[in-house]
Structure formats: C-alpha cells, structure tokens
Amino acid sequence: MTPGGVPSPASNIQVLEAAWRNSTLLCVPIMADSVDQMLSQIRTAKEVGADLVEVRLDYLKNFSPRQDLQFLVKQSALPTLFTHRPTWEGGEYDGDERKRLDALRLAIELGADYIDVELKVAPEFINSIRGKTSGKVKIIVSSHNYQKTPSSEELGNLVARIQAAGADIVKIATTAVDITDCARIFQLLARSQVPTIGIAMGERGLISRILTAKFGGYLTFASLEAGVVSAPGQPSVRDLLDLYNFRQIGPDTKVHGVIGKPISHSKSPCLYNAAFKSVGFNGIYLPLLVDNVKNFLTTYYSPDFVGYSCTIPHKEDALRCCDEVDPIAQAIGATNCIIRRATDGKLIGYNNDHLGAIAAIEEGLQASNGTTSVNSPLDGKLFVVIGAGGAGKALAYGGKEKGARVVVANRTLEKAKELASKVGGEAITLAELENFHPEDGMILANTTSVGMKPNIDDTPLSKKALSHYSLVFDAVYTPKLTRLLREAQESGAIIVCGTEMFINQAFVQYEKFTGLPAPKELMREVLARNT
C-alpha cells in the first residue's frame, strides 16, 4: 500500500487463467405458459451463458404432467430444476396439493436434475421418495420470506430445520428491507457447511445476488430479459455476466460501489467494472441503494469492502462517517469518495467533484472566447449554483477558488445562506432565481437531481430566465441532454453536460480505488455507449 491508503499498482491485480471461474451456478427461471415456449427460452438461456434453468411448472397453462415433463426433461438444452410453486409460497399454483407434489415426484422419476420443494411440505415429500430415486436428483428445500430478513439466529435455526427435513441443498430467500440485511445472508453463506442458496429479494438485496459468488453460494438466479423476473430485484443474465463479470468474482474480490438513493440510474457500475476488467483488477463495483450511510458503513466493515463513490443525497452524511477527511473535502463539507485504508481499516473521505465540473465549465468558456488566459475564465464572473447539497458545496467551493462571484440558490434560504457565507457569496431562494438577472453573461450550474430520469420533463429554471446566462452546466447526466440544457442551448447559451463532471471525477476515483492510472479512453467509450 502507498502511504495514503491507496492500493499499490500490483496489490489487487489477479492474473487469472483463461479457464478460471467461480463455482457458483447461474440459473435462469423459465416462466412461459407453454412447453414449446419454455424449450425456446431454455435454448436462449444456454446461448447467453446460463448453467441451468428453473422450470416453473406453476406458470404452464393446460399442464399435462407426464407428457409435458417427459418432453421438457428430454428436450432441455440445460440441466433442469423443477419448481411447482403454490400461491401460499409466492407462486402461481392454486390447485390440489396432492397433484402438485405428484408432478414433482414424476419429474424425479423422469430424470430431473433438481427439484425445489417448500420447507412446509418437505419432510413428508422427502419421506415419500426415499429409496425411490436414482440418486441423480438433488432436492432443494426452500423457504421464502416476502416481508423481511430474519435475525442471524433465526436464519441459523431455519437452516437447521431445512437440513433436518432431508435437503441436499438449502435455499433461503428473504426480503431486504435495508441493504444491511444482505450482510446476514453473506454470513449465512460463509458459515454454511452444506450447499446453500441465499438471496435477499428486492432492489436493496441486489448485492446478495451478485456477491453470492464471493461468499460461496451454490447458485444465483438471473432473468433472460431485464425486468421479466421471477422474484423482485433479479438481475438479467447479461448484466451478471457482462456488467458485473460474475464468473470472475471470488473470495478475494474487492468490493466497491456507489452509495446513493435513488441509484438504479447510475452509470458508474458500467464504467468501473469495464475498467477493472480491462486491467485484470480483482474488484467489483456495485450500485448500493443506501437509506442510512452510517448503518451501511458500520455493517460492511470487512477489509474487502474497500471503496465507495457517494452521490445524492448522501455526500454530506458520508463525510460525517469518515475517520479522516481530506482538507478539500473538509472545506467543501461533503465527500464524493471514501477509501478504506488497508493498514488500519479507517475510512478516508475525499471530494473531487469540483475538479471535473469546474474544468469542464472553464473549457466551455475558453472555447467560446477562443482565447486562453493566465487567469481562469471564471474569474470575476457571476456564478449561480442551484442547490446547497454535497455537489452544490463542491461547485461553490470550486467557483470561489477560481475567482468567481458565487450566488447560491436553494429551495430553503437557510441552507443557501449557510453555504454562501462559506464562499463569500450571496444567497437567494429558487423562487427568487426566476427574476434574478443583475447582469447578462452569468454562469449557471444545477447541482440538484431535478430533470434526472425518470423525471426528464422537470427543470429547475424556466426557459425565459435562461436568456441571461452565457453558459449552463447540469450535473445530471441521465439523460445526457436534460431539459435545462436543451432550453439553455435554444436560448443561446453554451451548455456543459454532467457527463464531463462525472467522467473527470471517475478518473480520479479509479486511481484511488486501484492505485493504477485510469484507462481514460476506454472509460470515455463506455460512458458514451451508455448515455
């Protein structure tokens, strides 16, 4: 490690043999309503890289057990896991229970590779097939909790009950009410002495579906198509394999991610995972839907959880959670990057938001003037910053450093005043901003999330008011061309997209995460493809 806690260039580089992959299987649920459709989806699952399929019999219309099961077992292009989930366990089947279990027994007789049976009926079911199977089939005994993730003690007791029922493989699916719930699933997987499938459902449980490979999970589920899922929070096969490099995740993989709320819009995972993969860096970068930063950082204290980007609305809270803070981040009052120092596990907070944004704004102004100067083109300009949160603080700080006269516009005047006082500026409300034009040629920087997907028709300032600005910057980068930027351009202003701020700070963070120079060309290409 280098003195500042940044990994030395070789410390996390893992040279993997071309054939190396983790042992966690990738299973695609098949939920079509006809056998022909199921077989077609199974072929597609094989093409995209799945290891096995979960055939959801409860989705079939006009199910003829012997005929359909025989055809599915014989014609399937991949190993089969048969599930016939009743409504009382979150499935679609609401018919006769005896017939449901008979269908599973028949699937075993006809050569199924795996059968999933619910804990509630497992002891009786397993007793009924004892001595009557070929030995090929593996029995998964499952428990689903659609309300919460129980305590570690309760999960341990649940595992014991499932094992006592006669399971070959334990399956526990819970619901993540908070992202910290996933830690109990990881603990369960790491301590398990038998093959175990452990998943926390929902968007806050996404990391459990990906990092199961790090903690030794038997399999994870992924959908054929994004959004067409058998359980909440399920990623697609393409995302698991191409975005998250799932096959290469192992016990030593270092975990990074972006802490925010909302977070599904973030392009950071695309950027960093591609960059990590390009140099063989043994790390993964995840979207982290965090409700409480302190709880998250306290829960995931393992040395393998090494670095985070911070975005709206957590940049200020994140700073308060750090053990040490870089002087610039301290001056700004917010952090956009946290690194866990390897030598002592302490969390170090940084902020480089202002570098990327201010550089992009300066480039825009210089290009319009056609000249270069010793002084910043922001020097002496009236620089209006919308928002007084973490990004607003960074931009106000950056503007002051470049000699601009800073005006902070915020929904609540008190927060605007607090920030303005720190940068020697003026404070106004958003309502006042509509009619604020003491001079023409002002610079505007939006640092709020107004206009971000899915609310792309929103804008923080009317088109009429934009006529007084020579340059408009928007920190929002999804979409790349926001309504604010589009209307600013139509009003004659130079526009600077949030992608410039995003990519410039990403270069700096990548180097802090890895200790390696950022593959800038690759990262720009990836961002261009995904915005």
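A crossing of two helices is left-handed if the near helix is turned anticlockwise from the far one by less than a right angle, and right-handed if clockwise. The model is predicted, and local features need pLDDT of at least 70, side-chain atom pairs count only at pLDDT 80 or more, and totals for chains, interfaces and linings use all residues. Residues are numbered from 1 along each chain as its sequence is written, and side-chain values use heavy atoms, with hydrogens and water left out.

**View A. Packing of helices H2 and H3.** The crossing of H2 and H3 is right-handed. Helix H2 (residues 65-75) packs against helix H3 (residues 97-109) at an angle of about 40 degrees, and their axes are 10 Å apart. Helices are DSSP runs of H or I with at least four residues, and strands are runs of E with at least two, numbered from the N terminus. Axes are lines fitted to C-alpha atoms, for helices over the stretch in contact, and angles run from 0 to 180 degrees between N-to-C directions.

View B. Buried residues (under 20% relative accessible area, 1.4 Å probe, protein chains only) of helix H6 (residues 181-191) include Asp-181, Cys-182, Phe-186 and Leu-189. Among the elements covering the buried residues of H6 are helix H5 (152-164), strand E6 (169-175) and helix H10 (293-299).

**View C. The site of Thr-24.** Thr-24 lies in the segment before strand E1 (25-30). Thr-24 is buried, with a relative accessible area of 1%. Leaving aside neighbours within four places in sequence, Thr-24 is in contact (heavy atoms within 4.5 Å) with residues including Asp-51, Tyr-218 and Phe-246.

Note on methods. Buried means under 20% relative accessible area, exposed over 50%, partly exposed in between (1.4 Å probe, protein chains only).
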